[in-house]
Amino acid sequence: MSLRRPPLPRLLLNNVSCMRNAQQILRHVNVSLHDGGALVLMGTNGSGKSTFLRMLAGFSKPSAGEILWNGHDITQAGIFHQYKLQLNWLSLKDAIKDRFTVLDNVQWFEVLEGKQGGSLPALELMGLGRLAKDKARMLSMGQRKRVQLARLLAIDRPIWLLDEPSVALDGDGVKLLEYIIAEHRKKGGIVIVATHLPIEIEDAMYLRLPPRFPRRMTLVDMLDRGG
Ligand SMILES: Nc1ncnc2c1ncn2[C@@H]1O[C@H](COP(=O)(O)OP(=O)(O)OP(=O)(O)O)[C@@H](O)[C@H]1O
């Protein structure tokens with residue numbers, strides 16, 4: 001009988017902490033993700049969800065602990081070079097150029113990736129096929145978010161880091177988002193989502209980040225008391 005070692009997690013956060021502006025934002029976070037895994041980050045405003053994603057994207061480094069990809073520390077230059085090619089990052093800043101067409105706004109990302117032919121089908125899946133030739137300045141907020149989601153599909157990298165991906169989406173848009181996340185995971189992709197809004201992701205791990213400051217009385221509390 002051969003004893004096989006369990007596979008390494010694709011991503012492992014080992015006792016990770018993170019400082020910003022000399023303040024401790026994240027403390028002792030431990031997470032392991034295998035192919036097809038999903039993690040949902042929840043927490044109040046300022047609790048550190050975006051900081052968590054930024055650290056995974058390599059924009060900031062852990063102040064303690066380590067982030068391992070295939071068992072290698074992502075902060076090592078040679079490893080980071082390979083690791084960053086695995087990442088697809090969706091943030092509140094959409095990097096959409098208003099002067100260019102909706103299709104161009106997806107296609108450029110695809111071309112930079114050395115790929116072709118995926119942009120129009122991705123826009124069609126997101127319900128924007130009809131607008132592909134229009135200038136991006138015509139888009140509503142929800143449509144801009146759908147363009148960002150079309151980019152995820154056209155670029156097609158394994159690790160998705162999604163910061164508030166459902167903001168501005170209508171009900172159908174959220175269903176589409178949930179669908180593409182599920183399909184991505186079926187192919188072995190990993191999805192990490194920071195969100196305030198409810199999202200259905202089967203068998204996802206949930207990490208609720210603690211508030212960073214004691215909660216003070218707010219206008220909402222006063223209104224509640226008055227009612
Ligand atoms: N560029 C920065 N420099 C220093 N501190 C920052 C910076 N950006 C954010 N912070 C601080 O880090 C903390 C966590 O911010 P972060 O954006 O990660 O929270 P969040 O959970 O994503 O919040 P939200 O729900 O409002 O998006 C906040 O207290 C914030 O003041």
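Analyst: First, a term: a residue is buried under 20% relative accessible area, exposed over 50% and partly exposed in between, using a 1.4 Å probe and protein chains only. This is a predicted model, where local features need pLDDT of at least 70 and side-chain atom pairs need 80 or more, while totals for chains, interfaces and linings use all residues. Numbering runs from 1 along each chain as its sequence is written, and side-chain values use heavy atoms, with hydrogens and water left out.

Helices here are DSSP runs of H or I with at least four residues, strands are E runs of at least two, and both are numbered from the N terminus. α1 is mostly covered, with six of its eight residues buried: Lys49, Thr51, Phe52, Leu53, Met55 and Leu56.

Beyond the helix comes Gly58, with a positive phi near 85 degrees. Gly58 sits in the loop that links α1 (49-56) to β4 (64-69). Its relative accessible area is 32%, so Gly58 counts as partly exposed.

Now the ligand. A residue is near it if one of its heavy atoms lies within 4 Å. α1 gives the largest share of that shell, three residues. Of the 13 residues around the ligand, Gly46, Lys49, Ser50, Thr51 and Arg212 come nearest. By class, the shell has one nonpolar, nine polar and three charged residues.

For polar contacts, think N or O pairs within 3.5 Å. A backbone N or O atom of Gly46 is 2.8 Å from a ligand oxygen, and a polar backbone atom of Ser47 is 3.2 Å from a ligand oxygen. Taken alone, the ligand exposes 640 Å², and the protein buries 63% of that.

Finally, the packing. A nonpolar core is a set of buried Ala, Val, Leu, Ile, Met, Phe, Trp, Tyr and Cys residues joined through side-chain atoms within 4.5 Å. The largest one has 34 residues, and Leu123, Val147, Leu149, Trp160, Leu162, Ile181 and Ile201 touch the most other members. A second, separate core of 28 residues includes Leu41, Leu53, Leu56 and Ile192. That brings us back to α1, where Leu53 and Leu56 are among the buried residues.

Notes
A polar contact is a pair of N or O atoms within 3.5 Å; within protein, one must be able to donate a hydrogen and the other to accept it, and residues adjacent in sequence count only if both atoms are side-chain atoms. Accessible areas come from the Shrake-Rupley method with a 1.4 Å probe; for residues, only the protein chains shown count as cover. Ala, Val, Leu, Ile, Met, Phe, Trp, Tyr, Cys and Pro count as nonpolar, Asp, Glu, Lys and Arg as charged, and the others, Gly among them, as polar.
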